[in-house]
Amino acid sequence: MSEWTLRLHGVGNAAAVTLGSAMATIERGGRPWLTIDCGGEGLTAYQSTYGESPRALFITHAHLDHVAGFERLFVDAFFNDAKRGNVVVYVPAPLVPLLHQRIAAYPNVLAEGGANFWDAFRLVPVGDAFWHDGVRLEVFPARHHWPDTAFGLRLRGSVVWTGDTRPIPEMLARHAGDAELVAHDCGLHGNPSHSGIDDLEREYPRELLDRCMLYHYASPADAEALASRGYRVGRPGEVVPLAEPTAERAEPWTG
């Protein structure tokens with residue numbers, strides 16, 4: 001049995017506060033391994049579950065429902081000697097200036113001075129792949145709002161997290177071809193920045209749809225409507241078993 005799971009801290013769109021901000025943690029052996037995004041409600045759910053804040057995160061994009069928890073995360077990390085500078089934040093390189101503008105550019109992050117926002121973290125800009133804890137993860141562009149502003153994540157053989165996106169059949173043909181669970185942005189109705197179920201049915205083959213778990217929807221009623229059409233729908237707080245990754249492994253660097 002695989003030791004890997006995916007815990008959904010929130011599954012809602014930006015307006016669906018009761019469903020929680022779309023955020024998840026890949027767990028290994030029942031412990032948090034890598035957290036995806038840092039929304040406000042999602043961070044609260046994370047802290048309630050684990051009794052602490054994330055130690056390693058991947059950021060899909062800089063819309064506030066996915067990064068609004070960073071101010072609290074800064075305070076938690078900066079004022080803890082063991083955490084300060086050790087909370088790893090993997091950010092696709094094109095997002096770094098956007099993320100900085102959104103969360104880190106406020107003048108004098110502490111009223112007392114003497115601190116920079118990124119002092120609390122270990123910021124790691126990433127390209128099309130990166131290593132975390134000796135495991136290689138893949139990064140790919142999504143279609144959300146504007147080019148080069150949103151990205152998905154793949155743990156090969158285990159899970160693909162699309163982030164906010166319109167349908168991306170060409171990306172998933174390349175980055176979801178090893179029987180992964182595909183956690184996919186999907187509401188009952190699409191719009192220029194997000195997928196609707198009709199969009200996915202039009203763009204994706206049946207085999208891929210059968211591997212999708214839908215999240216980022218608008219309401220519990222919409223979740224039931226999606227489920228009534230035969231689709232798997234992610235629920236807040238759900239823990240999803242994952243297959244053992246086939247991703248490349250290496251001994252973690254300790255130099």
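The legends below accompany several views of one chain, shown as a predicted model.

View 1. Along the principal axes, the C-alpha atoms fill a box of roughly 55 × 40 × 35 Å, and 53% of the 255 residues count as buried. When contacts with a separation of 6 or more are considered, 58% of them are accounted for by residues 24 or more positions apart.

**View 2. The open sheet that runs from S6 to S14.** This sheet has 7 strands in the order S6-S5-S4-S3-S2-S1-S14, and its pairing is mixed. Strand S6 (121–126) and strand S14 (239–241) are the edge strands, each of which pairs on one side only. Neighbouring strands of the sheet are turned by 25° against each other on average, with direction ignored. Strand S5 (residues 87–92) pairs with S6 in the parallel sense over 6 bridges, and Val 89 has Leu 123 in S6 as its bridge partner.

View 3. Strand S7 runs antiparallel to strand S8 (residues 135–141), and 4 bridges join the two; Phe 130 has Leu 137 in S8 as its bridge partner.

**View 4. Helix H3 and what covers its buried residues.** In helix H3 (residues 70–78), the buried residues are Phe 70, Leu 73, Phe 74, Ala 77 and Phe 78. Seen down the axis of H3, these buried residues fall within an arc of 115°, so they line one face of the helix. What covers them includes helix H1 (40–50), strand S4 (56–58), helix H2 (64–67), S5, helix H4 (96–104) and S6.

**View 5. Phe 58 and the largest nonpolar core.** In soluble globular proteins, nonpolar side chains tend to be buried together. The largest nonpolar core of this model holds 76 residues, and those that touch the most other members are Leu 6, Leu 34, Phe 58, Phe 70, Phe 121, Phe 130 and Leu 172. Leaving aside neighbours within four places in sequence, Phe 58 is in contact with residues including Leu 34, Ile 36, Tyr 90, Pro 92, Val 126, Phe 130, Val 139 and Phe 151.

Conventions: Residues are numbered from 1 along each chain as its sequence is written. This is a predicted model: local features need pLDDT of at least 70, side-chain atom pairs count only at pLDDT 80 or more; totals for chains, interfaces and linings use all residues. Side-chain values use heavy atoms; hydrogens and water are left out. Two strands pair if DSSP finds at least two bridges between them. Axes are lines fitted to C-alpha atoms, for helices over the stretch in contact, and angles run from 0 to 180 degrees between N-to-C directions. A nonpolar core is a set of buried Ala, Val, Leu, Ile, Met, Phe, Trp, Tyr and Cys residues joined through side-chain atoms within 4.5 Å. Buried means under 20% relative accessible area, exposed over 50%, partly exposed in between (1.4 Å probe, protein chains only). Contact means heavy atoms within 4.5 Å. The arc is that of the directions from the helix axis to the C-beta atoms.
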